Number of protein chains: 2
Amino acid sequence: MRPDGTVTVLAGGVGAARFLAGLVEAMDPTHITAVVNTGDDTRLHGLHISPDLDTVTYTLAGAIDPERGWGLRSETWDAMEALDRYAAVRPARSGAAASWFRLGDRDLATHLYRTHRLGEGASLSDVTAEIAQAWGLPLTLRPMTDDRVETLVDLAGGDEVGFQEYFVHLRHDVAIRGVRFSGVDEARPAPGVLGALDDAGVIVIAPSNPIVSIGPILAVDAIARVLQRRREDVVAISPIVGGRALKGPADRMLGELGLPVSVAGVARGYRDVAATLVIDREDEALVAAVEAEGLHCVVTDTVMRDVTVATSLALTTLGVVA
Amino acid sequence: MRPDGTVTVLAGGVGAARFLAGLVEAMDPTHITAVVNTGDDTRLHGLHISPDLDTVTYTLAGAIDPERGWGLRSETWDAMEALDRYAAVRPARSGAAASWFRLGDRDLATHLYRTHRLGEGASLSDVTAEIAQAWGLPLTLRPMTDDRVETLVDLAGGDEVGFQEYFVHLRHDVAIRGVRFSGVDEARPAPGVLGALDDAGVIVIAPSNPIVSIGPILAVDAIARVLQRRREDVVAISPIVGGRALKGPADRMLGELGLPVSVAGVARGYRDVAATLVIDREDEALVAAVEAEGLHCVVTDTVMRDVTVATSLALTTLGVVA
């Protein structure tokens, strides 16, 4: 990559946010665009909630709660506690919804603002830019699309549920047999997304869940086509280390969908859109398995304990396309 | 009124809430139905807000903030403070909306719950009953209608604005030339409202703003017709004392709409639907003016400094129809 080059990152939630926190230390952050998954956006209590956008925003603002990995640090929970009064009257599905998806008081402001602006007719792109500006983020954040895409999880038990129902309410502790992205066939990339992918010196697929975080982004056909065309400049980072997801259900999802639960499974998932996979030293023995899928393999430290590791990972990733 | 009789109260916000707090001390509260104005309901940040229903609920639950007269006591404001971050980026109309309508964190839970249930297809009546149950209210609360009615204020300057814009944002500090209730022609009384009015031993019009609190209720045609038919059993309490509204803009609104700014103006507004007006001792000299409008006039203490005065006022009001 040229030193003044631009980088575009396909991003999910926590893993992507940590990578981006390293990337902004590794290069001029004004040359970074993050294209963020919106497949797990949801409406709750009438509010439009964009979990991955918020996780990226709060992390880059240094405001994320470091233990939970989502929501704001030093958060208060008065609204949620007050909701319990109503959940007690109606403990059924809606009451449950009131409690299983926790919204902190300060975090609520983000959802109130977003919902208000969308109600005024602003696009999700516009609102995302405004929220990023409010938090002083130096990079460009874009939702993958301004259209409605909804990740739906087909449970092995037979029910199809929304992503948050699966992820938060069921704690991703149930077997699945499929995932689909409702609305994605009609979804257009958000303004600026294709340009950012076309112009980038390097395109990075962040260490996010390949199926439900990166999957929805790649399911937007025009985005996938750019990556296929630019495959040599696309570097993915494996979210699987030692056969386990660092966070969330990526490992069991890979297995349940018939892919190897390892960096080889990640490589297979990305082989059409990425030429290189970055894996952790713990998986050094699997370099050949990754290469067997048709990808170059780079080995480094990928477990982002702190921003120093994340910065080093970012520099290594950028160095792939030199 | 028979001692086991039932009472139905047409109610706005603060004045009605205080009266009801006295009424529940004066009689078996399970025999009380309050029919509450929803003309100043609004959507803000995607949330359905019912200010008068909430003021009545919180007051009867002993949870109202006594200084403000709205919202919850010991409230926290973390969500609103966090909204300021976004208002700073967009200080225009939407940013302003974020700050001029203050929603406390615990109060937000009520709006979240209501919005969530309405989104599930519940009626406002159902949700109102659930919220009343959650707060342990002993009486029956009903919205005047489950349909959408919107109080719009025609400003002397030429603009027509929503009630909250006039009341909260402009602090009702501007001249008006009219009020209308959008949607009221199609609005049906909420379930149980007509029955409660038909069956009541006494119908009370609470000391609320005649134009924008009681006005929308009486603009529901079927409700007005019951009151006209039962006029002899309808007792109104004047919210005007000594030519001034105890709270809010009822006084200047009366004047701007061409009515006397006094108990006589209140009497004129209610003469088709109420046979009796209860006025404060301060207005004793205006008994003849009230009677000239065709109403009986009862003089007592109407300024509800505390629940003792409110209870006494309630007993006097009930005693009118004996």
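**Exercise 1.** Does Arg281(B) count as buried, partly exposed or exposed, and what is the relative accessibility of Arg281(B)?

*Solution.* The structure is a predicted model, in which local features need pLDDT of at least 70 and side-chain atom pairs count only at pLDDT 80 or more, while totals for chains, interfaces and linings use all residues. Residues are numbered from 1 along each chain as its sequence is written, chains are lettered from A and ligands numbered from 1 in the order in which they are written, and side-chain values use heavy atoms, with hydrogens and water left out.

Step 1. Buried means under 20% relative accessible area, exposed over 50%, and partly exposed in between (1.4 Å probe, protein chains only).

Step 2. Arg281(B) has 45% relative accessibility and therefore counts as partly exposed.

Step 3. Its partner is Asp301(B): the two form a salt bridge with their closest N and O atoms 3.1 Å apart. A salt bridge is a side-chain nitrogen of Lys or Arg within 4 Å of a carboxyl oxygen of Asp or Glu.

Step 4. Asp301(B) is also partly exposed, with a relative accessible area of 36%.

**Exercise 2.** Determine which parts of chain B the salt bridge between Arg188(B) and Asp147(B) ties together.

*Solution.* Step 1. The closest N and O atoms of Arg188(B) and Asp147(B) are 2.7 Å apart.

Step 2. Arg188(B) lies in the loop between strand S8 (176–182) and helix H8 (193–199), and Asp147(B) in the loop between strand S5 (140–143) and strand S6 (150–155), so the pair ties together parts that are 41 residues apart in sequence. Helices (H or I, at least four residues) and strands (E, at least two) are DSSP runs, numbered from the N terminus.

Step 3. Arg188(B) is exposed at 56% relative accessibility, whereas Asp147(B) is partly exposed at 22%.

**Exercise 3.** Describe the interface between chain B and chain A.

*Solution.* Step 1. Each chain's share of the contact (heavy atoms within 4.5 Å) is 32 residues from chain B and 32 residues from chain A.

Step 2. The buried area is about 3,100 Å², of which carbon and sulfur atoms give 67%. This quantity is the accessible area (1.4 Å probe) that two parts lose on being put together, summed over both.

Step 3. His45(B), Tyr86(B) and Leu112(B) supply 22% of the area that chain B buries against chain A, more than any other three residues.

Step 4. Between the chains there are 2 salt bridges. One salt bridge joins Asp78(B) to Arg106(A), with the closest N and O atoms 3.4 Å apart.
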